[in-house]
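Trainee: Please take one part of this model and go through it closely. I would like the cut-offs stated as you go.

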Amino acid sequence: MDKKLLNSMFDALLHIGNKANYWNPKMRSYIYGVTNGIHVFNLVKTVNEFENLKNELVNLTKEGKKILFVATKLQARDAFSKLATETGNYYVSEKWVPGLLTNFKTIRKRINTYIKLLADSENGAFDVLPKKEKAAKLHELEKLDKAFKGLKDMKKLPDVVFVVDWAFEKQAVKEANTLKIPAYAVLNTNGDPDLVEAFIPANTNSVKSLDFIADALKKELSAVKPVKKGGSIKKIADKKTTARKTTKKEEK
């Protein structure tokens, strides 16, 4: 185990969980112990789960899959909206709209309305309206901006949903599970690992911790070049295997 990485995680406070009386027994195996009434994560296990999750997201990104990052928790908003923007993905950072996934056709109409209002505000179309009507348009734009500013380019359902703190984003995970969209997460000691494909057991209450996680993911995903015209990684691997077999036959 890389001691330097463990020390970096420790310095970034990833090891600090919730109060010991506020936890989910399903997270027991990821908890090292209790200090001053606070659960402490086993960072060795955090590293292992973090690596597994990064590898899965990297492979999905190579296949051209799009991730929806859901981080409405105040401590996570800036880091994860930046992560999504810089890696070409989508995000929700202030408000989860019920039905965003399960009723996406209707939600997409609202996103289109937001895009039109945004364009009108930028090209001066609001300036010719009566004062009261302009104020109403601006109010609606402000409301829609909170919900949809990270979804302007999301024309269809995302391939993956990544949430920061399951306990804070239960509705997003529930909708993803309903539609069988793979869900990934950062889980604190009160999380439910059974509802996600993979997760990072870590502190979800600290800006420092969440910045560390977002930066690590950004570094990995930014370096990925999606595979073109070959479909999935598996298809390409199958083709290579077939080619090798053919070559061996010819050699014989």
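Mentor: Asn24 sits in the loop that joins β1 (16-19) to β2 (31-35). Strands here are DSSP runs of E of at least two residues, helices are runs of H or I of at least four, and both are numbered from the N terminus. This is a predicted model, in which local features need pLDDT of at least 70, side-chain atom pairs count only at pLDDT 80 or more, and totals for chains, interfaces and linings use all residues. Residues are numbered from 1 along each chain as its sequence is written, and side-chain values use heavy atoms, with hydrogens and water left out.

Asn24 has a relative accessible area of 14%, so Asn24 is buried. Buried means under 20% relative accessible area, exposed over 50%, and partly exposed in between, with a 1.4 Å probe and protein chains only. Neighbours within four places in sequence aside, Asn24 is in contact with Thr189, Asn190, Gly191 and Asp192. Contact means heavy atoms within 4.5 Å.

Next, Val186. Strand β7 (residues 183-187) holds Val186. Its relative accessibility is 0%, so Val186 counts as buried. Again leaving out neighbours within four places in sequence, Val186 is in contact with Phe162, Val163, Val164, Asp165 and Trp166, and also with Ile200, Ala202, Thr204 and Ile213. Take Ala202 from that list. Ala202 and Val186 are 16 residues apart along the chain, and their C-alpha atoms are separated by 6.5 Å.
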